[in-house]
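Biologist: Thanks for joining me. Could you walk me through this model, starting with your terms?

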Amino acid sequence: MSEDIITAAMVVIGDEILSGRTREGNAHHLARMLTEAGIDLREVRVVADDQPAIVEAVNALRARNTYLFTSGGIGPTHDDITADAIGVALGLPVDKDARAMEILTAHYERSGQPFTEARQRMARVPEGAILIDNPISAAPGFIVGNVHVMAGVPAIFQAMLDRVLPTLRAGRKLASQAIFCRFGEGVIGAPLGAIQNDHPNTVIGSYPRYEDGRHWAEIVVRSADAAALAAAADAVRAMLEELEVKHGE
């Protein structure tokens, strides 16, 4: 792949996701926004509210990607352990951040609610972290190295991501072509794999569809190189034409 390709990964944190109590939507939003920015989201992991699991996932994914994003586990309750886990993963102490304390103190004064010790937990970040603004509920996310730690609540996650995206190094945007295919994946699997091997500067995917009582597939060819994209798409179309002849229609 080109050195211009910038990669990302995501760790979704929360027992409520794994139990099915909460539907996860942040990964979908992140994938869409990163694709628009020309950043290739390579992997998403969902882990429990368990410090060793979070540490392992964070260290594995931050090491092999340009950026790592996390969602969840930065609230005021005892099981919101993401900040501490990030501190362990990066070998950094975690404590209340002065600027975060100012933001949250002002927020709770305006709302007329007490700024309890539990709520003060939301000001705890690893040493040297850069805060991510939270225009919805004030409690900030934070950035340490290439790790971006954000809230699990979708509206807050999206607001934080809006603030983070302009700071990221953009990659070459992938263009794509979608090609209709009436054959099942069992038929096209081998020839499509051969085309992928012949066109290494592209990414080719096939996606089964069922609509109006009929099965079909959509083949999508993606590349940052326009010529490579066109060549691979032409090869896919030629392969489908050969299958049409072979199947006598």
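Modeller: Gladly! Helices (H or I, at least four residues) and strands (E, at least two) are DSSP runs, numbered from the N terminus. This is a predicted model, where local features need pLDDT of at least 70, side-chain atom pairs count only at pLDDT 80 or more, and totals for chains, interfaces and linings use all residues. Residues are numbered from 1 along each chain as its sequence is written, and side-chain values use heavy atoms, with hydrogens and water left out.

Biologist: Which glycine takes a positive phi just after H2?

Modeller: The place to look is just after H2, where phi is positive at about 80°. The residue is glycine 38.

Biologist: How far apart are the end C-alpha atoms of H2?

Modeller: The expected span is 1.5 Å times one less than the number of residues. For the twelve residues of H2 (residues 26-37) that gives 16 Å, and the end C-alpha atoms agree, being apart by 16 Å.

Biologist: Which residues are exposed on the other side of H2?

Modeller: Buried means under 20% relative accessible area, exposed over 50%, partly exposed in between (1.4 Å probe, protein chains only). Asn26, Ala27, His29, Leu30, Leu34 and Ala37 are buried in H2. They cover an arc of only 160° around the axis (from directions to the C-beta atoms), which puts them on the same side of H2. On the other side, the exposed ones are His28 and Glu36.

Biologist: What covers the buried residues of H2?

Modeller: Contact means heavy atoms within 4.5 Å. The cover includes strand S1 (6-13), strand S2 (39-47), strand S3 (67-71) and helix H7 (154-164).
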